[in-house]
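Biologist: I have not looked at this one before. Can you walk me through the side-chain contacts?

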Amino acid sequence: SADLAGTRGIADEDGHGTAVSDVLLGAKNDSGIHGVAFGATLLVARTDTPGSCTNPDPAKDCSHDDNAIARGVDLAVANNARVINISLGGSPPNATLRAALDRATAAGIVIVFSAGNDSGANPDPFAQIANDPLARNLIIIAGALDASNAALAGFSNQAGNGAAHYLGALGEGVRAIDHTGASFLWSGTSFSAPIVSGAVAL
């Protein structure tokens with residue numbers, strides 16, 4: 001594991017990464033919650049821009065540079081990962097990240113992107129890389145199902161032009177711990193993605 005955007009180490013600052021990891025592979029001890037693939041091994045590739053996750057303005061989210069994400073993808077490839085979870089959104093990947101994703105799918109790695117939380121008719125532009133030939137049908141877009149686990153949550157971006165690569169998983173009221181160990185109910189396609197990634201890992 002490594003901090004690929006700075007020299008801070010891999011400690012979480014806002015709880016999002018910890019919660020996503022908990023949903024994916026939180027340990028099973030027969031008490032409380034555990035992850036989908038609780039026997040899997042986690043490789044952390046920290047890509048948040050230094051200082052962006054501690055911004056006191058609630059309207060500002062963490063930012064992640066495509067080049068740092070690309071380094072994370074390459075780190076996963078170098079360590080023989082079988083699945084990469086990317087619970088992020090944004091503009092379409094730049095050339096550097098596209099090349100890293102190409103290397104990952106060429107290595108047979110399955111990559112899961114979150115669909116986005118904008119109630120859009122199509123997945124987030126970042127996730128639409130699943131439609132590109134470089135995806136080799138190994139990139140999955142994860143949409144969020146509501147508490148009924150039978151319909152898309154109102155906030156979730158729909159399958160739209162990514163329907164051939166889209167799966168739904170619970171994304172509303174998903175219980176997971178944050179970086180302090182406190183348990184919360186989280187909502188967002190960020191939490192659907194690790195459920196799908198966990199299924200891939202299994």
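**Side-chain contacts**

Modeller: R8 is partly exposed, at 27% relative accessibility (buried is under 20% relative accessible area, exposed over 50%, partly exposed in between, with a 1.4 Å probe and protein chains only). This is a predicted model, where local features need pLDDT of at least 70, side-chain atom pairs count only at pLDDT 80 or more, and totals for chains, interfaces and linings use all residues. Residues are numbered from 1 along each chain as its sequence is written, and side-chain values use heavy atoms, with hydrogens and water left out.

Biologist: Which side chain does R8 meet in a salt bridge?

Modeller: D3, at 2.8 Å from N to O. A salt bridge here is a side-chain nitrogen of Lys or Arg within 4 Å of a carboxyl oxygen of Asp or Glu. D3 is buried, with a relative accessible area of 14%.

Biologist: How many salt bridges are there in the whole structure?

Modeller: Eight. Another of them pairs K28 with D30, with the closest N and O atoms 2.4 Å apart. K28 is partly exposed at 40%, while D30 is exposed at 68%.

Biologist: Switching topic, how many disulfides are there?

Modeller: One, counting a pair of cysteine sulfur atoms within 2.5 Å as a disulfide. C53 and C62 form it, with their sulfur atoms 2.0 Å apart.

Biologist: Why is the disulfide right-handed?

Modeller: Because the torsion about the S-S bond of C53 and C62 is about 140 degrees.

Biologist: And is C53 buried or exposed?

Modeller: C53 is buried, with a relative accessible area of 15%. C62 is partly exposed, at 25%.
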